[in-house]
Amino acid sequence: MSDFEREPVRGLPGFLPAGEKILWQGAPNPWSLGRRALMIGPVLAYFAVLAVWRFLDAMSFGAAPIAALEPVVRLVPFLLGALVILMLIGRWIASTTLYTITNKRVVLRFGVALPMAINLPFKEIGSADLKIFRDGTGSIALSTLGNARLAYLHLWPSVRPWYMSPVQPSMRSIEEPEAAAQILGEALRAYHEQDQTLPIRVAHRPEAEPETAGAIPAAT
């Protein structure tokens with residue numbers, strides 16, 4: 001029996017206190033997570049460059065085009081093997097990760113070898129940034145007020161890439177990210193008892209740009 005199977009409430013380290021309720025739960029999409037956290041794209045690019053180099057190298061020694069393809073074909077099993085391994089890792093990570101939004105906090109439950117859950121009370125969340133990808137998935141990165149001591153490696157891959165100081169916990173590669181952002185924004189507004197609607201701005205941008213496409217400001 002795994003630690004996740006002993007959870008009193010799925011995705012949470014303990015029972016919900018009185019007055020707290022779950023508003024949303026979601027997990028990463030394995031393919032989206034694999035592309036962005038496990039660098040499947042760069043791996044494909046590496047093999048493509050290597051294939052072109054081997055082909056041109058063979059041609060430079062006088063090999064016929066058909067013969068020059070032989071060293072390229074030899075790369076295929078290695079490419080497929082690397083992709084299978086990365087996809088299995090991505091699926092494994094996604095299957096052990098669950099993000100939860102309640103009316104008082106965000107909980108990130110993750111960990112393959114060492115399961116853990118990170119509680120982020122709304123009072124510690126300064127803002128949330130939403131990025132939507134071309135495949136429809138997206139990530140919500142949370143900026144904390146600095147009171148929580150978080151480590152990048154402990155949170156990975158549920159962390160905003162390359163943001164080391166301060167670290168930004170992130171709900172990565174989730175399905176229907178706009179709906180999750182809307183729920184989070186409304187929950188933050190209600191928690192901080194604001195009179196006006198909390199704005200949520202979503203802009204579709206190229207994935208090569210910084211992973212911040214829209215902001216969900218939270219009162220502090």
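Colleague: Where is R160 found?
Modeller: R160 is in strand 7, residues 159-164; helices (H or I, at least four residues) and strands (E, at least two) are DSSP runs, numbered from the N terminus. This is a predicted model, where local features need pLDDT of at least 70, side-chain atom pairs count only at pLDDT 80 or more, and totals for chains, interfaces and linings use all residues. Residues are numbered from 1 along each chain as its sequence is written, and side-chain values use heavy atoms, with hydrogens and water left out.

Colleague: Is R160 buried or exposed?
Modeller: R160 counts as buried because its relative accessibility is 2%. Buried means under 20% relative accessible area, exposed over 50%, partly exposed in between (1.4 Å probe, protein chains only).

Colleague: And W162, buried or exposed?
Modeller: W162 also lies in strand 7, but it counts as exposed, because its relative accessibility is 67%. Its phi is near 70 degrees, a positive value in a residue other than glycine.

Colleague: What about phi of S173?
Modeller: S173 has a positive phi of about 55 degrees, and it is not a glycine either. S173 sits in strand 8 and counts as buried, because its relative accessibility is 1%. Most residues other than glycine have a negative phi, and most peptide bonds are trans.
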